[in-house]
Amino acid sequence: MSSNTGSNLPGSHEPSTPMAASPLTRAVLEIDEYASTLGWDQPARLFALVDTAKLRTQEPGLAAQLGLDDDASQAASSYTPIEQEELPPGTALDKFLGTIAWPQAVVGCALTVERLMLPPSAEGSVPHGMSDKQLAAWVAKHPDRQEVRMTVAVLRDGARESAVRLREKDSPTEVLTGADLVPGLAEALAATFED
């Protein structure tokens with residue numbers, strides 16, 4: 001795992017992140033909030049998730065560099081997202097994810113990616129027999145398309161969480177969360193932990 005500590009997430013557990021949420025939900029919302037500060041039209045970003053308490057104990061120097069050394073607001077059961085190096089340009093996301101192997105210290109991973117989506121009402125009009133490239137072009141021209149940012153996280157133990165933010169409703173209060181919002185991407189991330 002290579003950590004890009006220069007672009008770690010600023011200020012863990014922002015006030016807009018609900019403290020009653022599960023630790024994984026909080027991590028996903030923290031990453032979504034971080035991605036929102038970068039604006040739209042960004043490349044996909046990959047994050048390692050590490051146990052915050054273990055990070056403080058086992059890597060106090062790195063914890064200090066990430067601003068976690070004496071942050072009392074960090075709950076005992078929380079995850080610290082560490083942004084990884086940029087994905088290689090021109091590499092298909094599924095191929096890239098197939099090359100990842102995480103060290104044991106990484107308890108989970110997350111990915112944030114922007115995509116065009118159609119509402120469920122438009123799914124019946126999708127032409128059959130198109131290649132992925134043709135389908136992407138067709139969706140890009142559809143009048144009901146919506147730009148979304150998806151943040152998906154998985155843990156080694158199989159837990160999953162997702163956050164979806166519409167570009168047209170770009171607000172922390174308009175983020176939809178749920179474990180099964182982006183199942184294909186969650187499966188691809190979970191596969192990075194398989195031996």
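The stops below each begin with something to select.

**Before selecting**

This is a predicted model, in which local features need pLDDT of at least 70 and side-chain atom pairs count only at pLDDT 80 or more, whereas totals for chains, interfaces and linings use all residues. Residues are numbered from 1 along each chain as its sequence is written, and side-chain values use heavy atoms, with hydrogens and water left out.

**The whole chain**

Among contacts (heavy atoms within 4.5 Å) with a separation of 6 or more, 69% are accounted for by residues 24 or more positions apart.

**Aromatic pairs**

Next select the rings of Phe, Tyr and Trp (its six-membered ring), which pair if their centres lie within 6.5 Å, and whose planes count as stacked under 30 degrees apart, edge-to-face over 60 and tilted for the rest. The whole structure holds two aromatic pairs. Tyr34 and Phe47 make an edge-to-face pair, 6.1 Å centre to centre with 85 degrees between the planes; Tyr34 belongs to helix H1 (residues 23-38) and Phe47 to strand E1 (residues 45-51), 13 residues apart. Tyr34 is buried at a relative accessible area of 9%, and Phe47 is buried at 0%. Then move to Trp102 and Phe193, a stacked pair at 6.2 Å centre to centre and 25 degrees between the planes. Trp102 lies in the loop between helix H4 (93-97) and strand E3 (106-117), while Phe193 lies in the segment after helix H6 (183-190), 91 residues apart. Both Trp102 and Phe193 are buried.

**Arg149 and the largest cavity**

Select Arg149 together with Trp40: the charged end of Arg149 sits over the ring of Trp40, 4.1 Å from its centre, under a rule that asks for NZ of Lys or CZ of Arg within 6 Å of the ring centre and within 35 degrees of the ring normal. Arg149 is also one of the residues lining the largest cavity, including Ala35, Leu38 and Thr112. That cavity has a volume of about 60 Å³, and E3 gives the most to its lining, with three residues.

On a 1 Å grid over the protein atoms alone, a cavity is a set of points where a 1.4 Å probe fits but cannot get out, and a pocket is an open set with protein on both sides within 12 Å along at least five of seven lines; lining residues have an atom within 4 Å of a point. Grid points are joined across faces, edges and corners, and a volume is the space filled by probe spheres set on the points.

Now select Gln146 in strand E4 (residues 146-155), which is partly exposed, with a relative accessible area of 25%. Its C-alpha atom is separated by 5.3 Å from that of Met117, 29 residues apart along the chain.

Finally, show the largest pocket, which holds about 1,000 Å³ of space. Of its 31 lining residues, Arg115, Leu116, Met117, Leu118 and Met150 lie nearest its centre, and the largest share of the lining, five residues, comes from H5.

How values were computed
Helices (H or I, at least four residues) and strands (E, at least two) are DSSP runs, numbered from the N terminus. Buried means under 20% relative accessible area, exposed over 50%, partly exposed in between (1.4 Å probe, protein chains only).
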